[in-house]
Amino acid sequence: METWPFWLAGLGIGAFVPLFALTTGKALGISSGYSEMCAITKPASAERWKLWFALGLPLGGLASALLGGGPSVSTSSAEMTSALGVSGAAQLLLLALGGAFIGYGARMAGGCTSGHSIVGIAQGAKSSLIATIGFMAGGFAATWIAILLAGGAQ
Amino acid sequence: MKPVVFLSAGALFGFLLSQARATDYAAIHGMFKLTDLHLFGVIGVAIATAAAGLALLRRGASTALNGERINVSPKPYHKAVFAGGLVFGVGWALSGACPGTALAQLGEGKLYALATVSGVVLGTWLRQRLASPSVKPARAS
């Protein structure tokens, strides 16, 4: 799929942050939207907007795929298979496990790659810088351990 | 504000994440293998742009267009931030996704992201369930 160059995508994501704040008064954040999913049966809190925001994300993914001539529907990740040699049910389990780490870690750290790494660092927040160093360190470690377990770098 | 505003904003952000290839397993894997520096470029430009925009906003406006006070303040630091970051990073690498991109992937037709999204919901629930009140992150974060 043909996508934007890095600088254009970066400009778009970066500009989104102040424009969203100017429009709604709010700081972009996504991982806490999952807290709203967990609280779906409870009365709507002031944070309910995060649920709507999260539900909008797939629509944007669809629009992007349509622009690229898609979407093409797939039930397994060919890239993950070629990187780590896992497919089928094992792949889905690994994705779910990864997702659980993401959710657990984001709530421990108080944010994710959007709220901490983009919005937080852009404000010069110490907590966000430390969280992001953690994101990167955890990612590097897991990637290289996974590659070694899968039988060496390809 | 109406849900449709946030739904639209989410759609726009999902579109941007997809165009940035942040929804691409190979791009994430390549970033951590240092064989594809594309996403480092995206993140760097995004931080610089957001910093400039927020600085302008701080000087220019204290009230949003909807009349609300603009409330963008640094997240608090506590001792679980780094450890939580590490845990998150492991998940980021394993799934090739983060909380936002997993949802955008679904729209791209990558139905396997349902497993990732389910995992994130489970992990979020588990942490909120297990965390003691003193370190339990506020739902607003």
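The structure is a predicted model, in which local features require pLDDT of at least 70 and side-chain atom pairs count only at pLDDT 80 or more, while totals for chains, interfaces and linings use all residues. Residues are numbered from 1 along each chain as its sequence is written, chains are lettered from A in the order in which they are written, and side-chain values use heavy atoms, with hydrogens and water left out.

Chain A comprises domain 1 (1–72) and domain 2 (104–154), with bounds taken from an automatic or database domain assignment. The contact between them (heavy atoms within 4.5 Å) involves 8 residues from domain 1 of chain A and 8 residues from domain 2 of chain A. The centres of the two domains, taken over C-alpha atoms, are 19 Å apart. About 580 Å² is buried between domain 1 and domain 2 of chain A, with carbon and sulfur atoms giving 70%; buried area is the accessible area (1.4 Å probe) that two parts lose on being put together, summed over both. On the side of domain 1 of chain A, Val17(A), Leu28(A) and Ser31(A) lose the most area, together 60% of what that side buries.

Between these domains, 1 residue pair is in polar contact, both residues being at pLDDT 80 or more. A polar contact is a pair of N or O atoms within 3.5 Å; within protein, one must be able to donate a hydrogen and the other to accept it, and residues adjacent in sequence count only if both atoms are side-chain atoms.

The interface between the chains brings 100 residues of chain B into contact with 113 residues of chain A. Chain B and chain A bury about 9400 Å² between them, 75% of it on carbon and sulfur atoms. Polar contacts link 20 residue pairs between chain B and chain A, with both residues at pLDDT 80 or more. Helix 4 of chain B gives the largest share of the side that touches chain A, 16 residues. Helices are DSSP runs (H or I, at least four residues), numbered from the N terminus. By class, this side of chain B contains 63 nonpolar, 27 polar and 10 charged residues. In that division, Ala, Val, Leu, Ile, Met, Phe, Trp, Tyr, Cys and Pro count as nonpolar, Asp, Glu, Lys and Arg as charged, and the others, Gly among them, as polar.

In helix 5 of chain B, 8 of the 9 residues are buried, where buried means under 20% relative accessible area, exposed over 50%, and partly exposed in between (1.4 Å probe, protein chains only). Among these buried residues are Pro99(B), Leu103(B) and Gly107(B). Gly109(B), which follows helix 5 of chain B, has a positive phi near 95°.

Over all chains, 6 salt bridges were found, each a side-chain nitrogen of Lys or Arg within 4 Å of a carboxyl oxygen of Asp or Glu. The interface of chain B and chain A contains 1 salt bridge, in which Glu68(B) and Lys26(A) meet at 3.1 Å, N to O. Glu68(B) is partly exposed, at 30% relative accessibility, whereas Lys26(A) is buried, at 17%. Within chain A, Glu47(A) and Lys50(A) form a salt bridge at 2.9 Å, N to O; Glu47(A) is buried at 16%, and Lys50(A) is buried at 3%. In chain B, Arg21(B) and Asp24(B) pair at 3.5 Å, N to O, and Arg21(B), Asp24(B) and Asp36(B) are linked in a network of salt bridges.

Conventions: Helices (H or I, at least four residues) and strands (E, at least two) are DSSP runs, numbered from the N terminus.
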